[in-house]
Amino acid sequence: MMGEHLPSAASADMVNFDDVLSAAAHVAGFSTRTRTLVSPSLNQRTGRELFLKAEHEQRSGSFKFRGALNAMLTLTPAQLRMGVVAGSSGNHGHAVALASRLLGATAVIVLPHDAPAVKREAVLALGGRVVRYDRMHELRDEVVERIARDDGQVVIPSSDSVAVIAGAGTVAVELLEDSMPLDMLVVPVGGGGLAAGCAIAVRALSPATRVVGVEPVDGDDTRRSLAAGCRVGVAVPATIADGLRHQMPGRLTFEVNRRLLHAVVLVSDAEIVDAMTALYEAEGTAAEPSGACALAAVLSGRLAAAPRTRVGVVISGGNMDADSAHRLIAAAPCAATAQRATSGSTFSGSARETGWPPQQPVRRRTSSGSS
Ligand SMILES: Cc1ncc(COP(=O)(O)O)c(C=O)c1O
């Protein structure tokens with residue numbers, strides 16, 4: 001039995017709002033309806049009304065649970081008995097491992113050698129088997145395909161599948177329920193599934209809302225691909241946003257995003273650290289670097305949003321250990337200070353002077369049953 005495969009000529013019509021609606025119905029009994037945070041201090045700092053979708057409080061610690069579970073709910077009992085295999089930077093693997101435990105399946109998760117230990121350990125704690133690969137010398141998809149071919153598991157793609165994109169789109173459905181009308185929705189982009197799913201939901205529910213993707217400066221494969229009009233690959237990105245170190249957009253995600261994304265903006269690692277710090281100070285809640293990218297685009301001023309506009313921001317994940325957070329703060333130049341110096345913002349204090357990172361290991365508020 002082989003894994004799920006997309007036809008090579010992917011078309012944006014392959015996934016639509018009905019898929020998002022049925023994903024919402026399917027995952028509802030399992031997923032957390034995460035909060036939409038409104039922070040007076042972040043609103044004051046940016047001069048915009050921000051609505052922060054707290055997907056770092058989702059089960060498994062990221063939005064990835066929605067797509068992983070939705071994909072696995074399409075499997076037959078026989079497929080579930082064979083088990084699943086997934087390639088991941090960490091969060092998708094964690095989500096697949098949790099979904100597998102809930103559905104009584106086995107999971108093999110293919111992670112890069114340099115995946116954060118906290119993400120690898122989460123998979124193991126859920127009973128998943130971890131296979132590591134060297135991202136400098138091996139292609140993840142080839143490793144996944146080999147395992148699926150040899151052992152018969154079903155492949156659960158991290159973003160490039162109808163079910164995964166539709167599951168991710170449920171984030172925007174909930175956010176729009178909480179915050180309509182929105183002028184803009186800002187989402188991080190890795191493989192592009194979150195952006196594609198959210199853009200499909202926004203087109204159906206709030207067509208005037210612009211959807212903007214955010215990538216790290218080093219890791220701008222989607223921005224380059226959209227500019228070129230075809231999928232373009234980049235070298236292995238070097239960024240603290242470990243969930244966004246993708247080298248090329250997916251076929252289907254690219255087709256959707258080229259039609260529906262308004263723009264893609266880039267953020268630096270220092271800006272990401274500033275956003276993590278600001279979120280923690282404002283709301284006492286911790287995002288991982290990839291999870292803070294969309295907020296970084298807003299706080300850094302890289303997002304072209306007029307004053308007082310209503311901006312939805314997806315905080316997409318929070319899987320990080322406190323040691324890594326400390327290292328990031330120590331290593332990063334303080335973007336916040338530089339930005340404030342030029343913008344005249346009233347926000348005070350640099351990353352190194354604040355209570356961030358927390359002294360205790362980062363823990364999410366909701367019980368995920370995941371670790
Ligand atoms: C926390 C987090 N945010 C965003 C993304 C990007 O999601 P996508 O691959 O659907 O673009 C990822 C991907 O792993 C992630 O882990």
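Both faces of strand β8 are covered: Arg210, Val212, Val214 and Pro216 on one side, and Val211, Gly213 and Glu215 on the other, are all buried. Buried means that 20 or more other C-beta atoms, placed from the backbone, lie within 10 Å of a residue's own. Strands are DSSP runs of E, at least two residues long, and helices are runs of H or I, at least four, numbered from the N terminus. This is a predicted model, where local features need pLDDT of at least 70, side-chain atom pairs count only at pLDDT 80 or more, and totals for chains, interfaces and linings use all residues. Residues are numbered from 1 along each chain as its sequence is written.

| Strand joined to β8 | Bridges | Direction |
|---|---|---|
| β7 (residues 184–188) | 5 bridges | parallel |
| β9 (residues 263–267) | 5 bridges | parallel |

Met184 has Arg210 of β8 as its bridge partner. Val214 stands opposite Val265 in β9.

Now the ligand. Its shell holds 22 residues, and Gly190, Gly193, Gly243, Ser316 and Gly317 come nearest. A residue is near if its C-beta atom, placed from the backbone, lies within 6 Å. Helix α9 gives the most to this shell, with 3 residues. Domain 1 (12–62 + 162–354) and domain 2 (65–155) both contribute, so the ligand lies between them. The domain bounds come from an automatic or database domain assignment.

Overall, the protein has 15 helices and 10 strands. Of its 371 residues, 54% count as buried.

Note on methods
Buried ≥ 20, exposed ≤ 12 C-beta atoms within 10 Å, placed from the backbone. Pairing = 2+ DSSP bridges.
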